Amino acid sequence: LQMQINNARNYYHPQLKVHLDLHVHISHRACHAGADEEYWSRAVDLVPGSTLLRLCDTDNLLQTCVHGAQQNDTPPVRWAMDAYLTMLRPKEGIDWDLLLAVAQRKFFAAELLLTLTWVRQNLGAPVPDRVLNELASQLVCKHNLKIWSYSFCPPRSAFEVADYHWHRFWLTSRGLTRLGRLKFIPVYLMGSQYTNSYKAFASVVTTKLLKNTL
């Protein structure tokens, strides 16, 4: 249930003091069923002959840049070097036309324009001019742009919280019929609070409201 709303979960082993960030979906903005089929269709062997798969370099660059553009309490500066080294891999190379096409379909132009411009200016990454120009001309989905803005300035007021969840709900329910979206509302509400039951959801929301009140 939670993985229909959230793309990843963080786990912590108290004895070993080890954190595990488990990603189930490529993007936090697309966690619906089938959201990642396109990426897996282009996946390649982790090593020759392996049964394990990894993203192709083009999709890996996309995921690295989009993930790196998000706000984080610990600034994930490692994304920049990951992106830079991915572009320098000699075997596959980056399919820039594919990257632009995916950015157009998934509304990732804003994040890619910001991050690819940065790595080119600061690390000398081989990003073609035409790619940056095309990204700058692509339309930006208002829902994605709003969610991205909230990642830098988290919602605080009741209105902002409601506005955030409206845009996030629209994105996670993309592709559903009107009836399907109505049925998806309780799924979204519980998943947004990392709960699997109405009772747990009510408890979490009540606790948060009391804390805000106090």
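**Exercise 1.** Which residues make the nonpolar surface patch of about 360 Å²?

*Solution.* Some ground rules first: this is a predicted model, where local features need pLDDT of at least 70, side-chain atom pairs count only at pLDDT 80 or more, and totals for chains, interfaces and linings use all residues. Residues are numbered from 1 along each chain as its sequence is written, and side-chain values use heavy atoms, leaving out hydrogens and water.

Step 1: The patch is made by Y11, L20, L22 and V24.
Step 2: Find V24 in the loop between β2 (18-23) and α1 (37-41).
Step 3: V24 has 40% relative accessibility, so it counts as partly exposed (buried is under 20% relative accessible area, exposed over 50%, partly exposed in between, with a 1.4 Å probe and protein chains only).

**Exercise 2.** Work out how R105 and E38 are connected.

*Solution.* 
Step 1: The two form a salt bridge, with their closest N and O atoms 2.2 Å apart (the cut-off: a side-chain nitrogen of Lys or Arg within 4 Å of a carboxyl oxygen of Asp or Glu).
Step 2: R105 sits in helix α4 (residues 96-106) and E38 in helix α1, so the pair ties together parts 67 residues apart in sequence.
Step 3: Searching the whole structure gives eight salt bridges.

**Exercise 3.** Is C65 buried or exposed?

*Solution.* 
Step 1: The relative accessible area of C65 is 0%, so C65 is buried.
Step 2: C56 is buried too, at 8%.
Step 3: The whole structure has zero disulfides (pairs of cysteine sulfur atoms within 2.5 Å).

Key:
Patches are made of residues with over 30% relative accessible area and no salt bridge: like charges are joined within 9 Å, nonpolar side chains (Val, Leu, Ile, Met, Phe, Trp, Tyr) within 5 Å. Accessible areas come from the Shrake-Rupley method with a 1.4 Å probe; for residues, only the protein chains shown count as cover. Helices (H or I, at least four residues) and strands (E, at least two) are DSSP runs, numbered from the N terminus.
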